[in-house]
Amino acid sequence: MEIAYRIEQPLKMDVQLPVNGLTALLGGSGSGKTTLLKALAGLLPATGQPFAGLPPERRQIGYLPQGYALVPHLTAAENVALALSSKDQSAVSYLEKVNLAHLANKLPKELSGGQKQRVALARALAREPKLLLLDEPTSALDATARDSALDLLESLSRNLDLPALIVTHDPYVASRCNFVGVLETGVIAQFGSPEEVFQRPATISIAKMVGFSNIFEGIVDKITDVGIFLTVDKYKFRVETTEPPPTGSRVKWGIRPEEVMVVRSDRPLPPELQNNVLPAKIARMKKRGTGYCVKLSGPLPLLMLIPRHVQDRLQLEEAAQINVVLKPRYIHLFSSPV
Amino acid sequence: MIQAFTLSFKLATLTAAVLLLAGVPLAYWLTFYNFRGRYLLETILLLPLTLPPTVLGFYLLVLLAPDGPLGRVGLQWAFSFAGIWLGSVIFSLPFALTAYKEAFRAVDPEVLEVVRTLGVGRWKRWRQVILPWIWPGLLSGTLLAFAHTLGEFGVVLLVGGNIPGETRVASIYIFDLVQALDFQAAHRAAAIFVALSLALIYAVRSLEEQWRSHIGSNNH
């Protein structure tokens, strides 16, 4: 489904976005994510396709706001039944789709956050929607519930051939979708697969949104068959790129913290990587999940994420001197001007 | 005494009925719609809370007198049941309105929005979502207005005077008894009032309690 919407109030927006399968709408707070969802639901004035000008009652959409918005004095089944257009359909059959038929007679206050969300989802499905709109569906869930919510959305969207637009600020949720659109100042600043957006963010601000914490400047030194060479400080890094910027231009580049690698003294590096080796001192190590977030000082103040099995092997400690390698294909050049 | 209490009940019932019919839409409007002059309108509607009943009664008497501005257009309601009815409605409106608005404020506007996106029309929305959600609040507000009207004195005396069977309600009846130094009869009537008030306020409180547990917390 193709969305083309223009909104004037409360925010000026002009959004063109294809929604296929699970499509994440990623954006910082105040970027207008929720505004766009409400406009698509017909709850805010807007112009554009689909559903142009129809009141909310006549739009075939399933809208799930952040708080799920169940009617508190109606049971799960009664909430679902609100959306049924004929008496022949059964509310319980929709609760079955979200594996919640056994809680049909419970009131919302007797349900957990994840269960409320599934009731809201069943209610939205009972509307027989052409498009699902979900506002931060995982923000109130713990990690396990978040994964099972995304699993359920994935299978529902696939089995019912139902496109879903998922508003989120969580890169993890975006990474599990089929497509990602990034909303910035009222327009879609980038659209693509999660891999594209996460590995090749179009702008610095998108990069920060998707977890690029190492962003620096460099000057294009020369362009060769094996990539370009970038002067950074006194180093010349090789970078693989399909769109080399002109020689002598000043560019921003970055590398994801999980793609900074420690050079192991017992394993010599292949010669083509020698250029991209950099000495560093471990300034700080912080636990991050089961792994570590390592802050490096040296020529470049890099941030590095290492999983536990790597730390088990390397036994890194604060104040230790190490070498890191920035692999040419992991370095991303930003096309936006400096 | 029976005549006075019957009249009081009739007045309180009719007043509560008008407040329920007119006050609920008014409260809905004041809660969910923003318009110019809303605060001014609310201030005027809440004025009887602080105004001495005699002041309100005095103005109504002037307005409803045969040669008053309203009396001249046919509303010659001074010293009549219709007059004390109107006075009671105005005087109890702030109580009912505040309770109704409180009830509507508990309704999450986002839930109403989502219910619209489910294809639920206005009539079904009121019948299945809004009214079942707020009825204890509406009932407790109406009972409060009923109790308040039963106990009213100043407005009724000024607008209605003291006509047995027409405007002499129970509170004025007690005043008469005390003035006539008939303390025994006054005791009996006053005791009935205490019992009635206790029962009504108790009902209001338990409705509020029931309402709270029935809504529970829908917050995530």
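Trainee: What makes residues such as A:Ala76 and A:Ala122 count as touching A:Leu95?

Mentor: Two residues are in contact if their C-beta atoms, placed from the backbone, lie within 7 Å. A:Leu95 touches A:Ala76, A:Ala77, A:Val80, A:Leu100, A:Ala101, A:Ala104 and A:Ala122, with residues up to four places away in sequence left out. The model is predicted: local features need pLDDT of at least 70 and side-chain atom pairs pLDDT 80 or more, while totals for chains, interfaces and linings use all residues. Residues are numbered from 1 along each chain as its sequence is written, with chains lettered from A and ligands numbered from 1 in the order in which they are written.

Trainee: Why is the set that includes A:Leu95 called a nonpolar core?

Mentor: The term denotes buried Ala, Val, Leu, Ile, Met, Phe, Trp, Tyr and Cys residues joined through C-beta atoms within 7 Å; buried means 20 or more other C-beta atoms within 10 Å of the residue's own, placed from the backbone. The largest such core has 123 residues, and A:Val80, A:Leu95, A:Ala122, A:Leu133 and A:Ile166 have the most contacts inside it. Helix H4 (residues 81-105) of chain B gives the most to this core, with 13 residues. A second, separate core of 23 residues includes A:Leu230, A:Ile255, A:Leu296 and A:Met304.

Conventions. Buried ≥ 20, exposed ≤ 12 C-beta atoms within 10 Å, placed from the backbone. Helix = DSSP H or I, 4+ residues; strand = E, 2+ residues; numbered from the N terminus.
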